[in-house]
Amino acid sequence: MLGITKHFDAVKALQGASLELHAGEIHTLAGENGSGKSTLLKILAGVIRPDDGKIAIDGSEVSFNGVRDAMSRGISMVSQELSLVPHLSIAENVFLGHNQTRGKLGIDWRDTEKRAVEVLKRLNLNVNPKEEVSSLPQHEQQLVEIARAMAADSNILLLDEPTSSLAPNEVEALFKVVRQLRDEGVAIVMISHRMSEMLDISDRFTVLRDSKFIDTSPRAGVTEDWLIERMVLNKPKKGIRLEKSTEKPELVLEVKAMTDRGGAFQDISFNLYKGEIVGLAGLAGAGRTELVEAIVGLHPRKSGDVVVAGQTIGHSTRATMNAGVALVPDDRREKSTIHDMSIRDNLLLAVHGRPQKQRSKKSEEKIVSDWVSKFKIKMSNPYAPISSLSGGNQQKVVIARCLETKPKVLILDEATRGIDLGAKAEIYQILRELAAEGLAILVVSSELSEIFEISDRVLVMHAGDLTADLDRSNIEESDVVSAATGAKK
Amino acid sequence: MSRVFKLPRLSTMPAWFGVLVLEIILLIVMAITQPVFFSSSNISNIVRSSAIPIILGIGMTFTILTGGIDLSVGSVLAFTGILLSGFITQMPRTSAVLLSIVITTIVVGGINGLLIGKLGLNSFVVTLGTLGIFRGIAYLVTNGTTRSMDTGSLINTLGDGNFGPVPGPLLVVIVVAALSIWALKSTYFGRDVYAVGGNEFAARLAGVYTSRVKMTVYFISALLAALAGIMQVGRLQSAAPTAGAGIELAVVAGVLLGGTRLSGGVGSITGTVIGLLFLQTVSNSLTIQGVSSYWQQVVTGVLLGAAVLFDRFRVQYSGRRKSREENNVTKE
């Protein structure tokens, strides 16, 4: 039996939160973004230190002096962003942090690799330990990270949003491993934003809200409503579908026979009409991100045309932007926000291309304040760095920046990944309003619930092919799944 | 799909392989067109003149592998020589050599290492500062003049002479390179260097003391720059405040030519040795062909550009291949 209690007062990130963890259980830490979940995990892993409070393992109080110290007591964390060293071998990544075998002449690589294979086998991963870890697909890289924790003989495993970048079949594979570890007696703490996953895998729940401990309960007493009630003060409204006009829709975007130069997708054609929201579903690696990036000229393409309102557009980002196609990329941190710049400057990047006389301090202030109030962006002031915002609010800034270019077509790639439920609902609402105003919207998403929540029409990709174009009115979840996995009907 | 066995291909070849091929081609061309190139005196000249850049390059490789850079090496080389010229009249030569190296390493490595490793300042800015400081001190102490000295056999052997049949500088390079290769491949410290350069956050999360690793590489770079300073004195029988001016950029060029990535995490000592040897061979060949030394700088620049371009194609090729493989896997 193993119990951890923890109370402390950090600036605001966490106030007297507590968590009790037992051996051989999967414990989900639920709460919206900014509720302090990640902070709590980081403290447990020794990455940051609490200002106050206690941690006890097996009844005896401990305090961690850094990550190494926490690891030596059997606590390992797999962080939200993959933390592998891409150009080192798989074996080396497994034993990173000095768990390699030490031989007479320095590190004994042969034995290190042998041990790596043993650990990876436990996780059902059969790979060559000598290969660079970056050659593995993402979900296998994640298993390598878990292998690292196992190699350090951890009996407490902390998983910070392990599924946020995985496709459904990969999630299932991961959960199988997680369950197996639980059955071996490992205690697991997990953070997830996907309701169905949490309910599927957890043995116990602890809910945090506004940096505070709210409630804890074993799986038996927990339902979706139970969780939502505790996670958010105001329950998000279920999607209200705005009435669609019955006029004949106007064609806005045509993609014709597009083929990727690198082979990620081939011969893709589809149309987007004014005022509709189209979902683009598929598994990770199906080529969706490459496709939308090729449309806006970010990704090289071998052949194919993009036609906007009757005009064929050249293959460049500037041309597509001028033609009225805007993309919200899949990776906020890497592709869309400029971390060290303020909220205001991030938003105003959109107007940099405008003639000087249309730009004035006053007009810029107005642009910023308009969007902030329209999208209800929560912030201290517009001059604060964008990194000070929560994920949902950062995404709103990015969407506002795209809209400031006055697009006819808005493409969003995994726009709600890692965003809490409340902010998700707000973004869905924004998209519905925009569609009602006549914008054509393409939503790339790996979450089926999201696709179903907002789409009027659903496109499905599998292994680089467009395998289905389904109308929302007569569509079953199974249709999408079978098209996405390439199953034959 | 079998992941276990793969034929070696362009994307898995070490990055320095192309440079090695060029070096061999160059040697063959020179052997045919200019018989004087392969005279023992010219070969010995190439070996001796590339020793100092290679020693500096090995230190530079450590810093660049962590994602940093050390621009101060040329100044530190001159500073050590001046320091030695002061000590050599006061004490036995061996002690003077050791003392100059130790003092330089502690002072320079301490400043660079603390500011970059501990305080996390930008390596480019910090070492640009120390570049100015130590060059300046060298000028101040000597008032801009060159100091001749009687170096004796030890210093002379290190910088220019022979150790038995082997040129002294070559011996120094072999020992330093072998130790460095071993350290990078087979010690925890060496692997930490790659880990810090590849993904510093990941390394810290895995329990690596990243600031200590970063600090150590600047000590190593200062140590090797000091050693190169002693060698330079042995070669010229004098210490000049102008010694090694601008050499840091040539060294960086050689390191990058050898396949070390400027952003860190990828690279090797072998590559650095080959890269710098190649640059030296090129410059020697051009001199023998009677090409102006101004052209040599242009050629160095072009080669560097070509190497980076080649690497880009290599990476793109392998990236394309990978995405195709992933597709196949999903199709199965």
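A:Leu159 stands opposite A:Met190 in β8(A). Five bridges connect the parallel strands β7 (residues 156–160) and β8 (residues 187–191) of chain A. Here two strands count as paired if DSSP finds at least two bridges between them, and the elements themselves are DSSP runs numbered from the N terminus (helices: H or I, at least four residues; strands: E, at least two).

The model is predicted, so local features need pLDDT of at least 70 and side-chain atom pairs count only at pLDDT 80 or more, while totals for chains, interfaces and linings use all residues. Residues are numbered from 1 along each chain as its sequence is written, with chains lettered from A and ligands numbered from 1 in the order in which they are written.

**Domains of chain A**

The domain assignment divides chain A into domain 1 (26–231) and domain 2 (251–485); such bounds come from an automatic or database domain assignment. The C-alpha centres of domain 1 and domain 2 of chain A are 31 Å apart. Their contact takes 15 residues from domain 1 of chain A and 14 residues from domain 2 of chain A, where two residues are in contact if their C-beta atoms, placed from the backbone, lie within 7 Å. On the side of domain 1 that touches domain 2, α6 (168–183) and α8 of chain A each supply at least two residues. The residues of that side are five nonpolar, six polar and four charged. In this classification Ala, Val, Leu, Ile, Met, Phe, Trp, Tyr, Cys and Pro are nonpolar, Asp, Glu, Lys and Arg are charged, and the others, Gly among them, are polar.

**Two open sheets**

In chain A, β7 and β8 belong to an open sheet of six strands with mixed pairing, in the order β4-β7-β8-β1-β9-β10. Its edge strands are β4 (75–78) and β10 (212–218) of chain A, each of which pairs on one side only. From one strand to the next the twist averages 20°.

Another open sheet of six strands in chain A, also of mixed pairing, has the order β16-β17-β18-β13-β19-β20. At its edges stand β16 (325–328) and β20 (465–471) of chain A, each with a single partner strand, so one side of each has no neighbour in the sheet. Here too the twist averages 20° from one strand to the next. β16(A) pairs in the parallel sense with β17 (residues 409–413) of chain A over four bridges, and A:Val328 stands opposite A:Leu412 in β17(A).

Axes are lines fitted to C-alpha atoms, for helices over the stretch in contact, and angles run from 0 to 180 degrees between N-to-C directions.

| Helix of chain A | Strands of chain A touched | Angle |
|---|---|---|
| α8 (residues 224–231) | β1 (26–30), β9 (204–209), β10 | about 25° with β9(A) |
| α15 (residues 421–436) | β13 (277–282), β17, β18 (440–444) | about 150° with β18(A) |
| α17 (residues 477–485) | β13, β19 (457–462), β20 | about 30° with β19(A) |

**Antiparallel pairs of β11**

Strand β11 (residues 251–260) of chain A runs antiparallel to β12 (residues 268–273) of chain A, and five bridges join them. The bridge partner of A:Leu251 in β12(A) is A:Tyr273. β11(A) also pairs in the antiparallel sense with β14 (residues 301–308) of chain A, over six bridges, with A:Glu254 opposite A:Val307 in β14(A).

Helix α2 (residues 40–65) of chain B has 26 residues and spans 36 Å from its first C-alpha to its last, close to the 38 Å expected at 1.5 Å a residue; the expected span is 1.5 Å times one less than the number of residues. A kink of about 35° lies at B:Ala51 in α2(B), shortly before B:Pro53. The bend at a residue is the angle between axes fitted to the seven residues ending there and the seven starting there. B:Gly67, with a positive phi near 90°, follows α2(B).

The contact between the chains takes 31 residues from chain A and 29 residues from chain B. On the side of chain A that touches chain B, the elements giving two or more residues are α2 (67–72) and β6 (106–107) of chain A. α2(A) gives the largest share of that side, three residues. By class, the side of chain A that touches chain B has 15 nonpolar, 12 polar and four charged residues.
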